Amino acid sequence: MPADSPQVTERLRQLLASRGRLTAAEALAGLDVTRPTLARAVVPPVVRLGKARATEYALQRSIRGESQWPLYRMTPEARIFAVGTLVALERGEFALVSDTPRPALMHPPFERGIYPDVPWFLDDLRPNGFLGRTYAHRVSQELRVPADIKLWNAEHVIAALLHGGATQSGDLMLGDLAMARAVRELDTPADEVPLADRLRRYPELAADVMRGEPPGSSPGGEQAKFTATLRDGDTRQAVIVKFSAAEDSPAAQRWATLLRCEAWASEALAEAGIAVARSQLLEGHGQVFLESERFDRTPLLGRRGFVSLAAIAAAFHGEAGMPWWRYADLLERDGWVSARDALALRRISWFGLLIDNSDMHLGNFGLMLGDTLPLQAAPVYDMLPMRLRPGTQGTVVEREYVAPVPVDGQLDHWRWATVPAMAFWRRVQADERIEPAVRAYARQAEQAIDQLARRF
């Protein structure tokens, strides 16, 4: 048969199906054909990846009838440009094809742009946390995905990313539909709220969330929250709003206290020179609202890149539960962050431990994602004494404070953190809106830190 007949394409497809991705040399040897013949055999579902010596061949796979999607980025000035093309491959893999070097997105071992699953830099676009669960329930029929996001696979994640939404974190958008939706919502945000109307609209939006009808997709996290785009004349600002329940229960009172504590923690860190998500407390209708400006959005509603430490850790280090201060060593070693930002992360980590933040998983800190390394640390968010939160059944358990002792190599960072931590606990003591039990806890905490600091 002729060397360039359709049978060569079929033989190549069968070879890739049995062996997976192949280099050009492996494909030539397996088929025993010339390079021009191999080049003519590359037709869908076969795809050619890379160039020159880095060339590989693979089989595309179909997800909802498509195998390739453009990947876009929106700049802080709200301009759109193409990053590359995401290609779904057999064996669960994905490839990012880009004509421009993307050293951060293609950091080794992904320098060829091949990923074993949905690429790590898209992880934080997945619906997750409190709003993610309600979002999945709301769109499950429309997107044909499980109502429980814990049951989602790669196909379900891609379907959600292609659906898009203005409230997704970061600056990346997958597919033309998601990009077009993001552009439309620049002029008409679905969650727009007049600045002067916040205290009327926020209780309504909170009620919508609690009924499982979020105004947008999930920016992540477990605490009850919603997104809003505030408009004041021609000025707009995207925010995330946490809230306490509109009820007079011990659990609602405790969440109101914790929101006030979060505002004080941000103030203490800012005074110590740490970048934080700017926030404002609002109270009305028996509820407390903590409104935080989105650092991945601009007043033009343009976007800035973002990636959580959890996404980086899972893809590059196989970590999930490492303390921030320890993970800072790996980030600095591998060039993800500068020495200055690694130092800041260690200090922030000890501050969180000293204020009893028991929820400092790697998803609660992130970096501003760009194309080159090192990445800049994102402002601090979700920093509060979560050890004091109500239990899953709404019970409030009073606790005793135990100051964390510095570990080997961390004494200087621990010492630094004691100053803003004690400043935080003093602010909590002085806030008469906070429950007496928590104010007493704050006095105990300040005294315990002060006493321990005298020993070091």
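Tutor: Two strands pair if DSSP finds at least two bridges between them. Keep that cut-off in mind. The model is predicted.

Student: How do you know that E1 pairs with strand E3?

Tutor: Count the bridges. Two join E1 to E3 (residues 56–59), and the strands run antiparallel. The cut-off is at least two, so the pair counts. In this pairing, Thr23 stands opposite Glu56 in E3.

Student: What is the order of strands in the open sheet of three?

Tutor: The order is E1-E3-E2, with antiparallel pairing.

Student: What makes strand E1 and strand E2 edge strands?

Tutor: Count partner strands. E1 (22–23) and E2 (46–49) have a single partner each, so one side of each lacks a neighbour in the sheet.

Student: Which helix lies across E1, E2 and E3?

Tutor: Helix H1, residues 6–19, lies across them. H1 runs at about 85° to E3.

Student: What makes E4 and E5 a pair?

Tutor: Seven bridges link strand E4 (residues 68–74) to strand E5 (residues 80–88), in the antiparallel sense. The test asks for at least two, so E4 and E5 pass.

Student: Which residue has a positive phi in the turn of the E4 and E5 hairpin?

Tutor: Ala78, at about 65°. Five residues lie between the two strands. Note that Ala78 is a residue other than glycine.

Student: How many bridges join E5 to strand E6?

Tutor: Four, with E5 and E6 (residues 94–97) running antiparallel. The cut-off is at least two, so this is a pair as well. Val87 has Ala95 in E6 as its bridge partner. The E5 and E6 hairpin also has five residues between its strands, and Arg91 takes a positive phi near 65° there.

Student: Why is strand E13 called largely enclosed?

Tutor: Buried means under 20% relative accessible area. Six of the seven residues of E13 (residues 287–293) are buried, so the rest of the structure largely encloses this strand.

Student: Which way does strand E11 run against E13?

Tutor: Antiparallel: five bridges join E11 (residues 235–243) to E13. Phe243 stands opposite Phe289 in E13.

Student: What makes strand E12 and E13 a pair?

Tutor: Six bridges, in the antiparallel sense, connect E12 (residues 279–284) with E13. At least two are needed, so E12 and E13 pair. Leu281 stands opposite Leu290 in E13. In their hairpin, two residues separate the strands, and His285 takes a positive phi near 55°.

Student: How do you know that the length of helix H7 agrees with its residue count?

Tutor: Compare expected with modelled. The expected span is 1.5 Å times one less than the number of residues. H7 (residues 198–210) has 13 residues and should span 18 Å; its end C-alpha atoms are 18 Å apart, so the two agree.

Student: Which residues of H7 are buried?

Tutor: Arg198, Tyr202, Pro203, Leu205, Ala206 and Val209. They cover an arc of only 165° around the axis, so they are on the same side of H7. An α-helix has 3.6 residues a turn, so residues three or four places apart point the same way.

Student: What span should helix H12 have?

Tutor: H12 (residues 411–430) has 20 residues and should span 28 Å. Its end C-alpha atoms are 29 Å apart, which agrees.

Student: Where does H12 bend?

Tutor: At Thr418, by about 30°. A proline, Pro420, follows within four residues.

Student: Why is H12 called mostly covered?

Tutor: Take the burial cut-off, under 20%. Of the 20 residues of H12, 14 are buried.

Student: What makes Asp356 buried?

Tutor: Its relative accessibility is 9%. The limit is under 20%, so Asp356 counts as buried. Phi of Asp356 is near 70°, a positive value in a residue other than glycine. Asp356 lies in the loop between helix H11 (339–354) and E15.

Student: Which residues does the cis peptide bond with omega of about 15° join?

Tutor: Pro108 and Pro109. Pro109 is in the loop between E6 and strand E7 (114–115).

Student: What is omega for the cis bond of Leu373 and Pro374?

Tutor: About 0°. Pro374 sits in the loop between strand E15 (366–368) and strand E16 (376–377).

Terms used:
Residues numbered from 1 in each chain as written. Predicted model: local features only at pLDDT ≥ 70, side-chain atom pairs only at ≥ 80, totals over all residues. Heavy atoms only, no water. Buried < 20%, exposed > 50% of the residue type's maximum accessible area, 1.4 Å probe, protein only. Contact = heavy atoms within 4.5 Å. Axes fitted to C-alpha atoms, helices over the stretch in contact; angles between N-to-C directions. Arc of directions from axis to C-beta. Bend = angle between axes of the 7 residues up to and from the residue.
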